[in-house]
Amino acid sequence: MVPVLDMPVPKNRGWLERVVFRGIVFNMSWEDPEMDRRAFNLTDRDTVISITSAGCNPLNFLCQTPRQLISIDGNPAQNAILELKLAAIATLSHEEFFDIFAARRPTVIDRVYRSQLRGRLSRRSQEFWDKNLKMARRGLYNYGKMGFAARIVRFLLPRLGISRQQTEEFFELRTLEEQKIWYDQYVAPRFWGPWTRWLCESRWFMFLCGVHPRQLKLVDGRHGIYDFVRERIEYVLTKVPIYDNYFLSVTATGKFRDNRVPPYLLDENFEILRRTLNRVLVVNGWLGPYLDTLPPASIDKFNLLDIMDWMNTDALNATWKSILRAAKPGATLIYRSGSYQFEPPEWVREHLQPHSELAAELFAVDRSATYGSFYIFSVPAVVSDRLLAAV
Ligand SMILES: C[S@@+](CC[C@H](N)C(=O)[O-])C[C@H]1O[C@@H](n2cnc3c(N)ncnc32)[C@H](O)[C@@H]1O
């Protein structure tokens, strides 16, 4: 059974964050794993720490056989998804695993949950899935707050003039020229307008989309949330190949398309995942306090998603201190931001080597359409406690 560590729950979380980010929010990890793979170039000597979200990207990393994978999330419901996936990898066939987590035949979960999966879950995740198994049975991508937001999008598309058939045709297009023609014909004329502006400017719809209140303030305050969403969606629909864009396919059509799925769902990776399960540790807790429990200089790769957008200045500085303390010499860290620019604080940048060219190259083909910027840094040398104490 994969070990699960429960960290003390911090008391200083805002009520809105506690309300919005309770239960499953992210039914899929919205970070493009191809960007992470090329940014990290993982080896089997690496210790990787990743924010869990829906567990997709931690498992994509495991496909690359790191020495150890630590997957951490402050929301235990997110780790409950990962634990269910790990239990399925350990006990089911790839066909059954794909049926459930690619939502091809999700009702398979009823036959295997009690007999094969439940016994491999932590007590907390057993309690979660005993109450919420219908989410897996009816297809995970329809559930969680983002699942609900995606259903609203699928309800609105035909009412904004984009028929289901036109949407299905779009995901089979093979060239950017064809995508631009389709966009100019079906999206540009009708999609953007008072309805989409109302939706984008609705705080609650943005919370449903997994946008943290502090992140919304950051993006809307700097860029105007409607203009930001419009620019990001227009970019990904016309400038990034759509054929293998499973993020948008699941959102706009509710399903993956044949084998156009995240790497961890592919048959060719199943045996790799099964034989490396013993390298995984799942942590229910917040990144900073957890890193402070580790020996200094013990992590090679940090996958931070957009957690920096969620933090106030004190939490940001404290988390950066913990990251720099836990970073091995030569460690690599990657993060995203909703804002078009969200550099680390100056005192942190002194200890970092940016890889801006590679970050820009990878961001240009980001299939998720979620973020305004992407960062890759390495930590050339150990940052001593003495230095960090001075901050
Ligand atoms: C940052 S969020 C956003 C994910 C991304 N926007 C998406 O759409 O998939 C991803 C996860 O990070 C977790 N999280 C946020 N800040 C964290 C922290 N400091 N430590 C651990 N988990 C954190 C949240 O609970 C959430 O499940």
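Trainee: Which ligand atom does the backbone of Gly74 sit by, and how far away?
Mentor: A nitrogen atom of the ligand, 3.2 Å from a backbone N or O atom of Gly74. That's a polar contact, meaning a pair of N or O atoms within 3.5 Å. Keep in mind that this is a predicted model, where local features need pLDDT of at least 70, side-chain atom pairs count only at pLDDT 80 or more, and totals for chains, interfaces and linings use all residues. Residues are numbered from 1 along each chain as its sequence is written, and side-chain values use heavy atoms, with hydrogens and water left out.

Trainee: What about polar side-chain atoms, say of Tyr371?
Mentor: Tyr371 has one 2.8 Å from a ligand nitrogen. Ser53 has one too, 3.4 Å from an oxygen atom of the ligand.

Trainee: How much of the ligand's accessible area does the protein cover?
Mentor: 97% of the 580 Å² that the ligand has on its own, by the Shrake-Rupley method with a 1.4 Å probe.

Trainee: Which residues come nearest to the ligand?
Mentor: Asp73, Trp286, Leu287, Asp306 and Tyr371, out of 19 around it. Being near takes a heavy atom within 4 Å.

Trainee: Switching to helices: how do H13 and H14 pack?
Mentor: H13 (residues 213–223) and H14 (residues 225–239) have axes 7 Å apart, at an angle of about 90 degrees. The axes are lines fitted to C-alpha atoms over the stretch in contact, and angles run from 0 to 180 degrees between N-to-C directions. The helices are DSSP runs (H or I, at least four residues), numbered from the N terminus.

Trainee: What do we call that arrangement?
Mentor: Roughly perpendicular, therefore; the term covers 65 to 115 degrees.

Trainee: Which residues of H13 make the contact?
Mentor: Leu216, Val219, Asp220 and His223, against Ile225, Asp227 and Phe228 of H14. Contact means heavy atoms within 4.5 Å.

Methods: A polar contact is a pair of N or O atoms within 3.5 Å; within protein, one must be able to donate a hydrogen and the other to accept it, and residues adjacent in sequence count only if both atoms are side-chain atoms. Helices (H or I, at least four residues) and strands (E, at least two) are DSSP runs, numbered from the N terminus. Angles under 35 degrees count as roughly parallel, over 145 as roughly antiparallel, 65 to 115 as roughly perpendicular and the rest as oblique.
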